[in-house]
Amino acid sequence: MAQIPDHSNSKLRPLPNLIFMSRWLQLPLYLGLILAQAVYVFHFWVELAHLIEAAFGSQTALQAVFSAVGVSGDAAKGTKLTETTIMLVVLGLIDVVMISNLLIMVIVGGYETFVSRMNLEGHPDQPEWLSHVNASVLKVKLATAIIGISSIHLLKTFINADALSDRVLIAQTVIHCAFLLSAMAIAVTDRLLPRGPADH
């Protein structure tokens with residue numbers, strides 16, 4: 001019976017090795033996304049601090065809150081927070097969290113898929129989706145996350161509809177529908193593609 005040769009310790013030729021090692025050029029990109037994540041964390045706490053200070057009556061923080069949610073004109077001359085304003089700020093904070101989740105998905109999933117294995121098997125904090133992640137799964141998950149972010153933006157737009165034009169409302173709705181259709185197309189395409197034994 002012929003034995004299958006073991007290539008686990010075989011060395012690549014110089015050119016294939018150079019091409020394969022070029023995947024490490026993506027490392028600075030993922031490090032850059034980690035820095036972007038830090039900026040989002042800072043932004044989250046700044047907005048939360050403004051909301052808390054405005055709730056305790058700080059006019060400076062109140063104006064910062066109005067500016068953050070896009071309230072202008074007579075509505076921005078109020079002296080206290082309204083339920084609508086609080087809702088818009090909270091939705092903005094949720095938006096930051098969802099974008100942060102998207103960044104984590106890209107950083108961890110992208111690094112694991114395209115750069116190097118993290119060897120997280122058995123780690124109690126290993127993300128459940130990471131055990132079966134590949135390029136196709138990552139695309140579907142990213143499309144789903146983008147739809148979630150778009151939904152938050154659209155909800156903020158509808159809540160603040162009085163301050164926006166009909167053109168903006170229609171444009172954001174059409175863009176959201178385009179995201180939905182794109183995600184559905186990606187999911188259908190992923191199901192139609194042939195799968196290997198490891199993907200079942």
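## The second largest pocket

Helix α4 gives the most to the lining of the second largest pocket, with seven residues, while α2, α3 (59-69), α4 and α5 (135-159) each supply at least two residues of that lining. Helices here are DSSP runs (H or I, at least four residues), numbered from the N terminus. This is a predicted model, in which local features need pLDDT of at least 70 and side-chain atom pairs count only at pLDDT 80 or more, whereas totals for chains, interfaces and linings use all residues. Residues are numbered from 1 along each chain as its sequence is written, and side-chain values use heavy atoms, with hydrogens and water left out.

The lining has 14 residues, and His43, Glu47, Ala68, Gly92 and Lys156 are those nearest the centre of the pocket. By type, the lining residues divide into eight nonpolar, three polar and three charged (Ala, Val, Leu, Ile, Met, Phe, Trp, Tyr, Cys and Pro count as nonpolar, Asp, Glu, Lys and Arg as charged, and the others, Gly among them, as polar). A pocket is an open set of points on a 1 Å grid over the protein atoms alone, where a 1.4 Å probe fits, with protein on both sides within 12 Å along at least five of seven lines, and lining residues have an atom within 4 Å of a point.

## Aromatic pairs

The whole structure contains three aromatic pairs (rings of Phe, Tyr and Trp, its six-membered ring, with centres within 6.5 Å; planes under 30 degrees apart count as stacked, over 60 as edge-to-face and the rest as tilted). In one of them, the rings of Trp24 and Tyr111 have centres 6.3 Å apart and planes at 70 degrees, so this pair is edge-to-face. Trp24 lies in the loop between α1 (14-21) and α2 (27-55), and Tyr111 lies in helix α4 (residues 83-115), 87 residues apart, so that the pair links distant parts of the chain.

Trp24 is partly exposed at 29% relative accessibility, whereas Tyr111 is buried at 17% (buried means under 20% relative accessible area, exposed over 50%, partly exposed in between, with a 1.4 Å probe and protein chains only). Ring pairs also link Trp24, Tyr30 and Tyr111 into a cluster.

## The salt bridge

One salt bridge is found in the whole structure (a side-chain nitrogen of Lys or Arg within 4 Å of a carboxyl oxygen of Asp or Glu). It joins the side chains of Arg117 and Glu112, at 3.2 Å from N to O. Arg117 is exposed, at 57% relative accessibility, while Glu112 is buried, at 8%.
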